[in-house]
Amino acid sequence: MKILITGGKGMLGRTLVRHLSAHDVLPVDIEDFDLRDPRQTRDAIADARPDAVIHCAAMTAVDRCETETDSAFSVNALGSAHVAIAAHAAGARLLAFSTDYVFSGGGSRPYHEWDPPGPRTVYGQSKLAGEEAIRAHCPDHLILRIAWLYGGGGPSFVHTMLRLGPQDGDPLRVVNDQHGNPTSTDAVAAHVRRLLEVPAVGTMHLTCEGETTWYDFTLAIFAAKGFDRGVNACETSEYPRPAPRPANSRLENRALRLLGLPPMPTWQDALSTFLADQPDG
Ligand SMILES: NC(=O)c1ccc[n+]([C@@H]2O[C@H](COP(=O)([O-])OP(=O)(O)OC[C@H]3O[C@@H](n4cnc5c(N)ncnc54)[C@H](OP(=O)(O)O)[C@@H]3O)[C@@H](O)[C@H]2O)c1
């Protein structure tokens, strides 16, 4: 299969390139074409003649999106529309990544694929607009919502903790009132490889199984690495950010289960696989 990957130099794109090496993979990034430009996007995808497009490119700096609203919507909303139109015109299936930020982050249970969205950030609003454009312009699509992502090379929360953990200093303060599913790019890419063989369409949540908080996630990273720096739990309200962080980021992988596909690994298994591959691990 010929597969074009947008955002091929990003954290997830790089992992996908590695996992899909049995296919004819064409990673592209902003220096190949800028997906904010509809003509460049259409021509580049038409020339590549892919069987599938995996759309990872995005403006992912959640706080920066709050002030650079035009950029967020240009890339995440319009850019996704351009990719969807181009993929459909080229007769390619489109797999595109989205986020838990399309939900409001309230509630007391994990969100499933049929829950109504209600983004509270510019990032979430622009990603939801991108989802809607994909649904409108490319019928053969699979929108994959992921969250709390980390992967080779970072940047990610895990990379920050691997840097801070071995340093001397006061105990770290880590929020303990945000709940989510830490998810490795390796776990996502392994499932994408399977999903390429399944003619599924629509929206699918694809996070690692099990839930935790950033504080408990930090404790797990430190225990696995043998770091003895202290960690204290704190609350989100102590660290106001330009983009409010959801208290409830948990996603239920309901569509994956209803399709009878294998479950994602637990976050604990995915974390130990990832840490075993780190240079100092
Ligand atoms: N990271 C997370 O925690 C997380 C969580 C949930 C969902 N997601 C979603 O997962 C996907 C992949 O995320 P990621 O962490 O791998 O992102 P990433 O590392 O930020 O990579 C995104 C890539 O897209 C490129 N890009 C940005 N604007 C572009 C444009 N106008 N034209 C072409 N390429 C452009 C970026 O290039 P530059 O670096 O040059 O800007 C970068 O290489 C995204 O859709 C994201 O919304 C991520």
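How many bridges join strand 1 to strand 3, and do they run parallel or antiparallel? Four bridges join strand 1 to strand 3 (residues 52-55), and the two strands run parallel. The model is predicted; local features need pLDDT of at least 70, side-chain atom pairs count only at pLDDT 80 or more, and totals for chains, interfaces and linings use all residues. Residues are numbered from 1 along each chain as its sequence is written. Helices (H or I, at least four residues) and strands (E, at least two) are DSSP runs, numbered from the N terminus. Two strands pair if DSSP finds at least two bridges between them.

Strand 1 also runs parallel to strand 2. The table lists both pairings.

| Partner of strand 1 | Bridges | Residue pair |
|---|---|---|
| Strand 2 (residues 24-28) | five | Ile3 and Val25 |
| Strand 3 (residues 52-55) | four | Ile5 and Ile54 |

Of the five residues in strand 1 (residues 2-6), four are buried (20 or more other C-beta atoms within 10 Å of the residue's own, with C-beta atoms placed from the backbone). Together with helix 1 and strand 2, strand 1 forms a right-handed β-α-β unit: with the strands pointing away from the viewer, the path from the first strand over the helix to the second runs clockwise.

Helix 1 gives the most, three residues. Among the 24 residues around the ligand, Gly7, Gly10, Leu12, Ala57 and Leu149 come nearest.

Technical notes:
A residue is near a molecule or strand if its C-beta atom, placed from the backbone, lies within 6 Å of it. A residue is buried if 20 or more other C-beta atoms lie within 10 Å of its own, exposed if 12 or fewer, and partly exposed in between; C-beta atoms are placed from the backbone.
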